[in-house]
Amino acid sequence: MSTPAASPRDFIRTTVAEDVQSGRHGSCVVTRFPPEPNGHLHIGHAKSMCLNFGLAGEYATGQCHLRFDDTNPCKEALEYVESIQEDIRWLGFDWNGQLFFASDNFEQLYQYAVFLIKKDKAYVDSLSAEEIKAHRGTLTHPGIESPDRTRSIDDNLELFARMRAGEFDDGQYVLRAKIDMGSPNINMRDPTLYRIRHVTHHRTGQQWCLYPTYDFAHPLSDSIEGITHSLCTLEFEDHRPLYNWVLKECDVACHSQQIEFARLNLNYTVMSKRKLSALVTAGHVTGWDDPRLPTLKGLRRRGYTSASIRTFCERIGVAKRDSIVEMAQLEHAIREDLNLQAPRAMAVLRPLRVIIDNYPDDQVEELEAVNNPEDPRMGSRKIPFSKVLYIEQEDFREQPHKKFFRLAPGQEVRLRYAYIIQCVNVIKDSETGNIIEVHCTYDPSTRSGQSQSTRKVKGTLHWVSTAHALEATIRLYDSLFLKANPNEDSDGTDYLECLNPQSLVTLSDSRVEPSLAYALPGARFQFERQGYFCVDSVDTLPNKLVFNRTVPLRDTWAKIEKTL
RNA sequence: UGGGGGAUCGUCUAAGGGUAGGACGUCAGAUUCUGGUUCUGACUGUGAGGGUUCGAAUCCUUCUCCCCCAGCCA
């Protein structure tokens, strides 16, 4: 029916391939991505999507559903439903119209509950939340049964109907599975199946006042949709007996198979919705789309391509071991992608004035610059060169180390796509001692592209012409946290206490080459010798360019400098 | 000290009785009008002890460490 994947890359794909081979689940592969619409998606969800959509896509008849797990109206909202779909599409996945909501099955779920009551496998309990907790026992001691556990089937049926009819207050009754209060697995100690919530649901409105729990709704939703492989994270491992219990006792036709894998952790950031939400709410970041966040919206605004995120997810693999992936892995993926795609441009982040003493005062030359050395098809552009330029402040040192291959008194460098210049003088502020400008002379015979221009110099600098450059705001992003694992609380420090105060550095006096004047929001560039940047899609105005640094270029010099 | 999982280079991840491989990273070279890219080379690993075997990361055994679970969250 389906064609097995060429060669399984992980234990889940191996299992699925075996199932297809053996005819299990009718040799079908149907997965699902089941977000709860109570927050925005992050790169951890991307891993799950790459697995679920990716795996289904490896089989001719494979299918991956999008299912909103909207069983708790207290925290969920329509806004998230729309935003999540947008993020999934952006990441490059398509549910082919297979859009489901757990709430669409509320009636059917209710009937399953009635079925369980009739089988004496579920009962209505009047115990309060605190009492249930007290009856549950502990990790090492069994629980004790609720007095209501022996209520008659008819009474349970009537009470459950009245719960639905809205006759009771929140918390007055719950429906519980009748399993085993002595089970060593706490999830099997008569778990709650339904609770009363007199709140408006974002899809079903006032239609219901009792809602199924995850443990009841999830397996049945999987079964109703015909999901063959229900992939979830490790913390649900000990819910699997309950998952199977529900499907077995409900006597369903399709018994989905739950398989667990380790969730994604990235160092120097946090991944839990709770923590992400707290960062947003407390104002430590500007919103869910803050470029410092590992949310899909944040990464997109930061300049990450969806392809790079997918590549990253494929490379980190899928396994059961708890792990923390290094951010360098993600950064490698985006550099690799952008190196091939992003047009180059010159931008001076922290400008230092350079005057070419022997260059004619009013002369302007249009110099040719290639748009991407990795891809000749991207062509070239003209860049204006004149007597007064800006270079990067850090590209000049008055007293350079011998390995500093940049501009210094008496030293020569090439200006990219232009001439070799030599520093002849340094002008300083008489009071502060700060360097105001640097004077140089140029060698007219060294113009780029000319036959005599083969002369070698140690360094090449990027630059812009002061008269032609555009002003721009440039935001340099760094990791949000100073600690590799902000989650570990061993020394008592809360994750909010290791926030990186330098996670955002805004440069408001940067200059970029004039060709960037009409750069569109979201457009990505490599600023030569600096890194990859994108035009901010929120704060950029027609005459006010704002760039976000996606990731810096690898910086060998910075490493050398550290060891000096 | 109940139950459920897990332990392989610094980090992810393969190999399931037969040479421990890949990616990221790091280091060293080469190339380079980006200290980028690219290329070459090197680097470091089977949690510990016993056992079975010609041969063990893999099988058996004892131990150690780590993660998850006591929501009417998912």
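The model is predicted, so local features need pLDDT of at least 70 and side-chain atom pairs count only at pLDDT 80 or more, while totals for chains, interfaces and linings use all residues. Residues are numbered from 1 along each chain as its sequence is written, chains are lettered from A in the order in which they are written, and side-chain values use heavy atoms, with hydrogens and water left out.

- Of the atoms of RNA strand B that come within 4 Å of the protein, 64% belong to sugar and phosphate.
- By class, this surface has 29 charged, 22 nonpolar and 19 polar residues; Asp, Glu, Lys and Arg count as charged, Ala, Val, Leu, Ile, Met, Phe, Trp, Tyr, Cys and Pro as nonpolar, and the others, Gly among them, as polar.
- At least two residues each come from α5 (129-135), β6 (192-196), α11 (306-316), α12 (327-341) and α13 (556-563); helices (H or I, at least four residues) and strands (E, at least two) are DSSP runs numbered from the N terminus.

**Side-chain contacts to the RNA**

- K456 has a polar side-chain atom 3.1 Å from a phosphate oxygen of RNA strand B.
- The side chain of R554 has an N or O atom 3.1 Å from a phosphate oxygen of RNA strand B.
- In the side chain of N339, an N or O atom is 3.0 Å from a sugar or linking oxygen of RNA strand B.

**Aromatic rings**

- The count comes to 20 aromatic pairs, where rings of Phe, Tyr and Trp (its six-membered ring) pair if their centres lie within 6.5 Å.
- One aromatic cluster is formed by F106, Y110, F160, Y194, W208, Y211 and F216.
- R164 lies over the face of Y110, 4.5 Å from the ring centre, and R300 lies over the face of W90 at 5.0 Å; the rule asks for NZ of Lys or CZ of Arg within 6 Å of the ring centre and within 35 degrees of the ring normal.

- One cavity of 30 Å³ or more is counted, a cavity being a set of points on a 1 Å grid over the protein atoms alone where a 1.4 Å probe fits but cannot get out.
- The largest cavity holds about 40 Å³ of space.
- Its lining consists of Y214, D215, P219, H239, L242, Y243 and Q258.

Notes. 1 Å grid on protein atoms, 1.4 Å probe; cavity = no way out; pocket = protein on both sides within 12 Å on 5 of 7 lines; lining within 4 Å. Points joined across faces, edges and corners; volume = space filled by probe spheres on them. Phe/Tyr/Trp six-rings, centres within 6.5 Å; stacked < 30°, edge-to-face > 60°. Near = heavy atom within 4 Å. Polar contact = N/O pair within 3.5 Å; in protein donor to acceptor, adjacent residues only side chain to side chain.
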